[in-house]
Amino acid sequence: MKKVYKVMSSVALAGMIISGAAWGTAQAATQPSAKAQSAVSERVTQEGVTLSVAKALYDGNHVRIELKRSGKGFDGKLVGGEIDKKTGDYMRDKGSISNIKMAINGKSINEYGGGDHAKRPTLVWGPKGNDTAVIYLTDASQLGGNLEAFPDKFQLTAEVDLEGYKKPFKLKIPVQKTAEKPVVVKPNVTKTSGNVTLKLNKAALTSTSSRLQLIMEGYKQHPEANQDILFDFVDDQGHIIERISGSGTDENNTKGDMYYDFVLEAVGKSAKSITVKPFKPVVIDDGSGRFKVDANGEIVKQYIQELEMTVSVKK
């Protein structure tokens, strides 16, 4: 039997585009090379269903884990569901992930930063086929100064709730940072458009991901101009660089600046740069707060060209 969940309004969804993906789902990242991954044999079986950790990667930018489901008794995909067109409710099948809890060396990720929500790691997950979930975990070290980063080596504990099953599936996953040294670039580029000032502060590049830190200066001083700004990322050949995860907060500094932390797919081998393309989604003028979409169902965007910034990624 499907369980029903209310879909958030488009206004709430705007924030989710910044901080992660709706209902825990995220865009699956580019497949890392075999050398960069750790083989993990951890598995748990309950009521005829087995969850097993096939791969674990920590490249310094984020942790990426592949979780596989096997057995019988479940209905639909491990990640996802569908929206009821009549009611707007979100329908999740038996055996689909409803929640994931994480702990590092026995310490819940919700306790990082002393329990402060703005200093916690970001956790998102997404599908890879019907029976595999890709989990992404990113520390909050880019959301301000002197924030806690993940250690180079740690024990990760995951408690995964599946729809229709009473007990969570508990898995222990050893994690160790890869030997690859990331390329760190500090472009220190600042652009201004009206009351909006945006700084591209830092980029960390590996063969498996790219991580960008953006700072929107004076965010609290001009909220009407700064709010609702979202971002696309493209390389110098015009290819969209998919976002793995992202978060933003203005709570970790006294200046009222907004710190953004985006983890993206790794750029292609022939790419020479990444361009940040800020935009505002067009809202339907009917008081509903819904986004306007085109014929393909994509959000209509108003790009702010004055704020576009480019960072070189040539190694």
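Let me begin with Gln227, which lies in the loop between α2 (223-226) and β18 (230-235); helices (H or I, at least four residues) and strands (E, at least two) are DSSP runs, numbered from the N terminus. This is a predicted model, in which local features need pLDDT of at least 70 and side-chain atom pairs count only at pLDDT 80 or more, while totals for chains, interfaces and linings use all residues. Residues are numbered from 1 along each chain as its sequence is written, and side-chain values use heavy atoms, with hydrogens and water left out.

Gln227 is partly exposed, at a relative accessible area of 38%; that term covers the range between buried, under 20%, and exposed, over 50% (1.4 Å probe, protein chains only). Leaving aside residues up to four places away in sequence, Gln227 touches Tyr219 and Lys280, where contact means heavy atoms within 4.5 Å.

I turn now to a sheet. Four strands form an open, antiparallel sheet in the order β9-β8-β12-β13; two strands pair if DSSP finds at least two bridges between them. Because β9 (107-108) and β13 (169-176) each have a single partner strand, they stand at the edges, with one side of each left without a neighbour in the sheet. Eight bridges join β12 (residues 153-162) to β13, and Glu159 has Lys170 of β13 as its bridge partner.

Finally, the nonpolar cores, which are sets of buried Ala, Val, Leu, Ile, Met, Phe, Trp, Tyr and Cys residues joined through side-chain atoms within 4.5 Å. The largest has 32 residues, and Leu156 is one of those touching the most other members. A second, separate core of 25 residues includes Leu198 and Val311.
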